Amino acid sequence: MPDNPSWPVVYKEKLLVSNLESSLAVCCLWTKQDIARARIPLEKINLLGNLYSAGPGIEGIVRNVLANPRIRTIVLTGADVTKTGNALLAFSRTGVTKDDDLGWIAPLPEGVDSRDLLPGERRIDGAITLAAINLFRDSVEINDFRGNNRWQDERDKIKKYENKLSFLESPLS
């Protein structure tokens, strides 16, 4: 359980915090949270949220997980309208590249043309160190359940991910 009562540290008003003892977060991408809430066992998950953008969205996930290292698994589910799920998976696999003095650039999601993205859409704040990004990548498993419209399958899969130990003794800020 995070010691910080202001957790989640970013997008707090847009996230559903449930069981702080769980090591599982669910990212329902573009699917409305009401739909996901009705179909997954909330008592089994720590956090539920959406992912609408590659840079700021991934940055938010990294910041929130580093501030609550109890989260060890993120399940991707729901509609992936802008391929942000692909972006998170690519980030998890390959990391980031340096963007001069501005920070980091998340990888281009598979199936997305860079000309279709707004400037800065893949940028991650340079205040997050490369060591912290790599700690996240090495410590958090991302499971891709997209494309499965059978929510009962999601419920069954979620049960096996709920009880992993924290990857840090205390949260990073």
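## Cysteines and disulfides

The count of disulfides, defined as pairs of cysteine sulfur atoms within 2.5 Å, comes to 0. Cys27 takes part in no disulfide, and the nearest cysteine sulfur, that of Cys28, lies 6.6 Å away. Cys28 is likewise in no disulfide, its nearest cysteine sulfur being that of Cys27. In general terms, a disulfide is a covalent bond between the sulfur atoms of two cysteines.

Cys27 is buried, at 4% relative accessibility, and Cys28 is buried at 0%. Here buried means under 20% relative accessible area, exposed means over 50%, and partly exposed lies in between, with a 1.4 Å probe and protein chains only.

## Basis of the model

This is a predicted model, in which local features need pLDDT of at least 70 and side-chain atom pairs count only at pLDDT 80 or more, while totals for chains, interfaces and linings use all residues. Residues are numbered from 1 along each chain as its sequence is written, and side-chain values use heavy atoms, with hydrogens and water left out.

## Overall architecture

The protein chain contains 5 helices and 8 strands. These elements are DSSP runs numbered from the N terminus, helices being H or I of at least four residues and strands being E of at least two. Along the sequence, the pattern reads β-β-α-β-α-β-α-β-β-β-α-β-α.

Of the 173 residues in the protein chain, 49% count as buried. Among contacts (heavy atoms within 4.5 Å) between residues at least 6 apart in sequence, 70% join residues at least 24 apart.

## Nonpolar cores

A nonpolar core is a set of buried Ala, Val, Leu, Ile, Met, Phe, Trp, Tyr and Cys residues joined through side-chain atoms within 4.5 Å. The largest such core has 32 residues, and those with the most contacts inside it are Ile58, Val65, Ile74, Leu88, Phe91, Ile124 and Phe136. At least two residues each come from S2, H2, strand S4 (73-76), helix H3 (84-94) and helix H4 (130-139). H2 gives the most to this core, with 6 residues.

Leaving aside residues up to four places away in sequence, Leu88 touches Leu51, Ile58, Ile61, Leu76 and Ile142. A second, separate core of 9 residues includes Leu24, Ile40, Ile45 and Phe145.

## The largest pocket

The largest pocket holds about 370 Å³ of space. On a 1 Å grid over the protein atoms alone, a pocket is an open set of points where a 1.4 Å probe fits, with protein on both sides within 12 Å along at least five of seven lines; lining residues have an atom within 4 Å of a point. Grid points are joined across faces, edges and corners, and the volume is the space filled by probe spheres set on the points.

Of the 22 lining residues, Tyr11, Leu15, Asn50, Leu51 and Ile61 are closest to the centre of the pocket. Strand S2 (24-27), strand S3 (47-49) and helix H2 (55-67) are the elements that give two or more residues to the lining, and H2 supplies the largest share, 6 residues. By class, the lining has 14 nonpolar, 7 polar and 1 charged residues; Ala, Val, Leu, Ile, Met, Phe, Trp, Tyr, Cys and Pro count as nonpolar, Asp, Glu, Lys and Arg as charged, and the others, Gly among them, as polar.

## Backbone features

The peptide bond from Trp7 to Pro8 is cis, with omega near 0°. Pro8 is placed in the segment before strand S1 (16-17).

Leu29, in the loop between S2 and helix H1 (33-39), has a positive phi near 55° and is buried at 0% relative accessibility. Lys83, in the loop between S4 and H3, has a positive phi near 65° and is partly exposed at 32%.
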